[in-house]
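Comments are set out as numbered paragraphs.

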Amino acid sequence: MEVSGLHPKLLLYVLLLLTDHCHSFNHTAEVVAAFPQIDPNRLQFFEYESIQLNCEGFPASNDWRVMQASSSRTTQWEHSKRSLNIYPAFASHSGEYWCENEEGEKSNTLSINITAGDVILESPTLPVMEQQTVTLRCKKRQSPKNFVADFYKDGHFKETGYKGTMTIHNVSSSDEGLYMCRSGAGESPESRLAVTGQCLLCKIPREETVYENTSADPSMMLYVNVPREENEKSHLVVMASGEGEEGGTKSEK
């Protein structure tokens with residue numbers, strides 16, 4: 001039984017349910033979707049460069065701190081700080097960096113490469129959305145911006161960039177992988193290009209079904225559908241318990 005109008009009490013309950021539902025996902029987004037901030041905003045660096053990482057934007061009340069796991073150091077939360085300055089950077093600083101709070105909640109991880117060589121690859125630090133356009137840039141320590149470079153994915157040749165760049169149009173999950181570049185001056189380390197179908201600030205699943213008994217009428221249930229596609233609309237359906245699933249709360253992903 002689909003209805004276009006809701007009783008005021010039922011409508012209020014719907015709003016409260018959705019608010020609580022979104023709040024729980026927003027909390028997850030704060031932790032799961034967040035990354036440490038890094039400056040310069042890339043994953044590869046030459047030795048002797050300066051790198052700053054911080055946990056700005058995380059809830060200050062939980063005291064988020066930058067954590068490090070590299071060959072030079074593995075930090076403990078008690079001895080970490082909200083920001084970390086690496087200067088001068090050496091290859092031994094290469095490793096995993098993330099934010100963590102006192103309760104042990106962790107953000108996503110950045111994998112940083114610092115090379116003593118003369119070539120690095122500039123690529124997105126965060127996962128990119130499907131259907132976006134991404135440009136990878138091969139960079140020499142001391143060189144004009146435009147030069148010929150070969151690009152590789154997962155060890156296999158992809159294409160030659162005659163201006164030192166490779167552009168991927170309409171990114172899809174098949175583009176995910178480890179990329180590196182090679183020029184006459186040498187080759188870069190590998191960095192992973194991650195692809196996501198979801199906005200990092202909106203970690204609500206693309207399709208979810210929630211059934212909830214309503215206090216307005218125990219015989220009625222609320223059906224909430226979060227659409228899979230961006231251009232689809234969410235819809236609410238109020239049905240009698242005998243028309244759909246059994247009473248209670250159920251989530252399907």
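**Notes on disulfides and nonpolar cores**

1. Cys181 is buried, its relative accessible area being 0%. The model is a predicted one, and the remarks in this note should be read accordingly.

2. The partner of Cys181 is Cys138, with an S to S distance of 2.1 Å in the disulfide. Cys138 is likewise classed as buried, at a relative accessible area of 2%; the cut-off for that class is under 20%. The torsion about the S-S bond of Cys138 and Cys181 is about 80°, so this disulfide is right-handed. Because Cys138 belongs to strand S10 (residues 134-140) and Cys181 to strand S14 (residues 177-183), the pair ties together parts that are 43 residues apart in sequence.

3. How many disulfides does the rule give? The count comes to two. The other link joins Cys55 to Cys99, again with S to S 2.1 Å. About its S-S bond the angle is -105°, and the link of Cys55 and Cys99 is left-handed. Cys55 sits in the loop between S3 and strand S4 (65-70), while Cys99 sits in strand S6, so parts that are 44 residues apart in sequence are tied together by the pair.

4. With bonded cysteines counted along the chain, the disulfides of the protein chain follow the pattern 1-2, 3-4. In general terms, a disulfide is a covalent bond between the sulfur atoms of two cysteines.

5. Turning to the nonpolar cores, the largest has 19 residues, of which Ile38, Ile51, Leu53, Ile86 and Ile112 touch the most other members. Two or more residues of this core come from each of strand S3 (51-54), strand S5 (83-86), strand S6 (95-100) and strand S7 (110-115). Strand S7 gives the most to this core, with three residues.

6. Which residues does Ile112 touch, when those up to four places away in sequence are not counted? Its contacts are Ile38, Leu43, Phe45, Leu53, Ser94, Gly95 and Tyr97.

Methods
Residues are numbered from 1 along each chain as its sequence is written. This is a predicted model: local features need pLDDT of at least 70, side-chain atom pairs count only at pLDDT 80 or more; totals for chains, interfaces and linings use all residues. Side-chain values use heavy atoms; hydrogens and water are left out. A nonpolar core is a set of buried Ala, Val, Leu, Ile, Met, Phe, Trp, Tyr and Cys residues joined through side-chain atoms within 4.5 Å. Buried means under 20% relative accessible area, exposed over 50%, partly exposed in between (1.4 Å probe, protein chains only). Helices (H or I, at least four residues) and strands (E, at least two) are DSSP runs, numbered from the N terminus. Contact means heavy atoms within 4.5 Å. A disulfide is a pair of cysteine sulfur atoms within 2.5 Å.
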